[in-house]
Amino acid sequence: MSRIGKLPIELPKGVEARQADRTITVKGPKGELTLDVHPDMKVLVDDGEIRVERPSDAKSHRALHGLTRALLANMVTGVTRGFSRTLEIVGVGYRAESKGGGITLSLGYSHPIEYTPVQGVKIECPNPTTVVVTGADKQRVGQTAAEIRGFRPPEPYKGKGIRYQGEQVRRKAGKTAGA
């Protein structure tokens with residue numbers, strides 16, 4: 001039995017969930033998110049909680065059970081607290097600047113990189129070497145952070161580039177002057 005899938009999802013105050021056929025909509029103070037549930041999964045929305053049930057113990061149903069419950073729990077968390085990813089920019093002359101709804105990155109290329117996030121995601125630059133990506137949808141926040149990191153991933157010799165906050169970059173020893 002799926003330990004994750006069996007757990008009910010409590011709906012906090014100010015959050016409401018609606019079910020229309022296979023679509024679940026969760027609305028809260030930070031926004032509204034929708035999810036199309038797999039046809040095999042059964043979702044029950046009643047008196048302040050959401051439950052997910054599966055039809056059998058087949059391996060695919062067990063996998064979908066926990067996945068569906070986790071996605072719904074992330075939706076509830078997203079519309080109440082939201083999600084954020086912090087990126088650190090390391091390197092001489094590397095910096096970020098908020099511009100309009102997006103950011104402009106100077107990463108050692110011959111041109112600045114301008115990035116505009118998808119709808120529902122907000123990007124802030126509290127200082128020139130930090131970028132904070134926030135939003136209600138966990139997948140969109142993570143994807144946006146990964147796209148920004150992809151412009152200049154950290155390199156293993158000097159550690160320069162864009163990294164997630166707290167990410168450990170494996171450093172390599174460079175060439176040594178030989179005899």
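In the predicted model, Thr-23 has Asp-36 of strand β4 as its bridge partner. A further bridge joins Val-26 to Leu-33, again a residue of β4. Strand β3, which comprises residues 23–28, pairs with β4 in the antiparallel sense, and six bridges connect the two. The two strands form a hairpin in which two residues lie between β3 and β4.

In general, the strands of a sheet pair through backbone hydrogen bonds, in either a parallel or an antiparallel manner.

The N-terminal end of α3 is capped by Asp-137, a side-chain oxygen of which lies 3.2 Å from the backbone nitrogen of Gln-139.

Within α3, the buried residues are Val-141, Thr-144, Ala-145 and Ile-148. Viewed down the axis of α3, these buried residues fall within an arc of 95 degrees and so line one face of the helix. An α-helix has 3.6 residues a turn, so residues three or four places apart point the same way. The buried residues of α3 pack against several strands, namely β7 (83–90), β9 (102–106), β10 (113–115), β11 (121–127), β12 and β13 (161–164).

Of these strands, β12 consists of residues 130–135 and contains Thr-130. The relative accessibility of Thr-130 is 16%; because residues under 20% are classed as buried, Thr-130 counts as buried. The side chain of Thr-130 makes a polar contact of 2.9 Å with the side chain of Asn-127. When residues up to four places away in sequence are not counted, Thr-130 touches Thr-86, Leu-87, Glu-124 and Cys-125.

Conventions. Residues numbered from 1 in each chain as written. Predicted model: local features only at pLDDT ≥ 70, side-chain atom pairs only at ≥ 80, totals over all residues. Heavy atoms only, no water. Pairing = 2+ DSSP bridges. Helix = DSSP H or I, 4+ residues; strand = E, 2+ residues; numbered from the N terminus. Buried < 20%, exposed > 50% of the residue type's maximum accessible area, 1.4 Å probe, protein only. Polar contact = N/O pair within 3.5 Å; in protein donor to acceptor, adjacent residues only side chain to side chain. Contact = heavy atoms within 4.5 Å. Arc of directions from axis to C-beta.
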